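Biologist: Could you walk me through some ring pairs and explain the labels? I'd like the cut-offs too.

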Amino acid sequence: MAAVAVTALVGLAGCASDTPAPGGSAAAVTYVVGFPAILSGPAAFAGVPISDGAKLAVKEINESGYLGEGSKIDLKIDDIKGDPAQAIALFNQYAADGASGILCCGLSSEAGALAPVITAKSTPAVVTSAILAGLADPPYIYRSVILPSQKGGMYDQFVDAVVPGEKIKTAVIVVTADNDGMVGDSKVWQAALERNGVDVLKVIETSAADTNYTQAATEIESLNPDAVVGSTLGTPSALLAKSMRERGYDKPFLTTYGVDSEALFTTSGGGLAGTIFMSPFHAGFNDNETAVNFVKAYEAEYNATPDMYGAQGYTAMWLLAQGLKGAGDPDPQKVADALSKVTTQDSVYGTLTYEGGQASLDGPGEYLVWQKDGTLKQWDK
């Protein structure tokens with residue numbers, strides 16, 4: 001099944017020459033790619049599938065000969081356990097070892113710490129999932145993550161559809177206040193709600209490390225808004241939903257695609273039921289050829305259905321592969337220059353367009369709602 005996915009992707013990813021060997025024949029090249037990943041700790045629910053998606057992409061790239069006959073990627077993955085300092089140390093080590101490129105930045109805190117190091121070392125990096133504003137910075141930092149918070153983007157379209165559909169007149173926003181990405185997104189949520197005539201009763205600040213959301217749930221219960229909007233990370237969203245439902249709040253919870261995880265539904269004790277979110281990708285609802293082939297290949301490789309995070313790792317690795325192929329040389333500067341020339345990418349989301357190193361997608365994505373039995377259905381009202 002993986003071979004089917006490769007066939008579809010290879011024909012769309014562009015072409016470049018391999019490094020010529022003496023005498024004019026193509027030389028096999030090994031491209032070292034480092035990946036400081038989050039494989040343990042609170043964010044592992046996202047970090048593990050991200051790394052699995054990246055590994056699947058590498059398998060397809062190597063087996064298909066995408067980079068030239070005999071050429072391959074050597075992907076080195078190490079666990080940073082959510083520690084930005086460890087990410088910096090590993091990045092420096094990868095660069096010293098001659099890495100052609102890096103996958104990085106599962107969280108915005110990691111991205112903020114690592115970005116200046118990436119630029120200083122002149123080793124290109126593709127961001128897998130961090131949504132920190134203004135992060136993409138060619139020629140060294142690229143982001144294949146779609147930012148729903150862009151003006152007129154997915155959050156705006158989502159709110160414009162869901163507010164009238166759910167007859168929302170009042171709302172409370174809960175924000176992970178020590179995460180710059182979530183703080184920035186909360187302002188986009190609030191502006192979109194107010195543009196639709198919603199009275200934002202309160203903005204409740206929480207921390208990424210919080211495990212008890214009783215106080216926030218109590219405030220929500222007392223205010224009794226028509227909806228709660230969570231500009232929150234995945235685990236905080238699940239814990240908040242659990243606390244809200246335990247206190248009897250049964251109205252819509254709108255949040256990010258960070259809750260697109262069966263593991264988080266379990267963490268919430270079923271509290272995520274009734275949660276509405278938008279997502280650029282979901283295995284059960286995307287029907288473009290690349291997405292279908294990716295799902296088949298992922299299921300064959302891991303005996304599991306890929307979620308949004310698996311798609312992010314897979315997409316990031318294929319973007320970096322386009323740069324490697326365009327460079328035809330393991331020199332990180334040449335890879336950076338090749339990545340700066342990438343303008344489009346066929347992906348599981350559809351065709352991505354790159355401007356200033358940042359991916360964008362023309363479309364609203366899928367609107368999904370968690371059901372009580374732990375399944376997802378399309379939202380439609």
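**Ring pairs and their labels**

Modeller: Let's start in helix α10 (residues 289-302), where Tyr298 and Tyr302 both sit, 4 residues apart, about one turn of the helix. Bear in mind that the model is predicted, so local features need pLDDT of at least 70 and side-chain atom pairs count only at pLDDT 80 or more, while totals for chains, interfaces and linings use all residues. Residues are numbered from 1 along each chain as its sequence is written, and side-chain values use heavy atoms, with hydrogens and water left out.

Biologist: Why is the pair of Tyr298 and Tyr302 called tilted?

Modeller: Rings of Phe, Tyr and Trp (its six-membered ring) pair if their centres lie within 6.5 Å; planes under 30 degrees apart are stacked, over 60 edge-to-face, and the rest tilted. Here the centres are 4.8 Å apart and the planes at 55°, so the pair is tilted.

Biologist: What makes Tyr298 buried?

Modeller: Buried means under 20% relative accessible area, exposed over 50%, partly exposed in between (1.4 Å probe, protein chains only). Tyr298 has 5% relative accessibility, so it counts as buried. Tyr302, at 24%, counts as partly exposed.

Biologist: What makes Phe158 and Tyr367 an edge-to-face pair?

Modeller: Their planes are 80° apart, and the centres 5.2 Å. Phe158 is in helix α5 (residues 154-166) and Tyr367 in strand β14 (residues 366-370), 209 residues apart. Phe158 is buried at 0%, and Tyr367 counts as buried at 12%.

Biologist: Which residues do ring pairs link into a cluster?

Modeller: Tyr155, Phe158, Trp189, Tyr367 and Trp379.

Conventions
Helix = DSSP H or I, 4+ residues; strand = E, 2+ residues; numbered from the N terminus.
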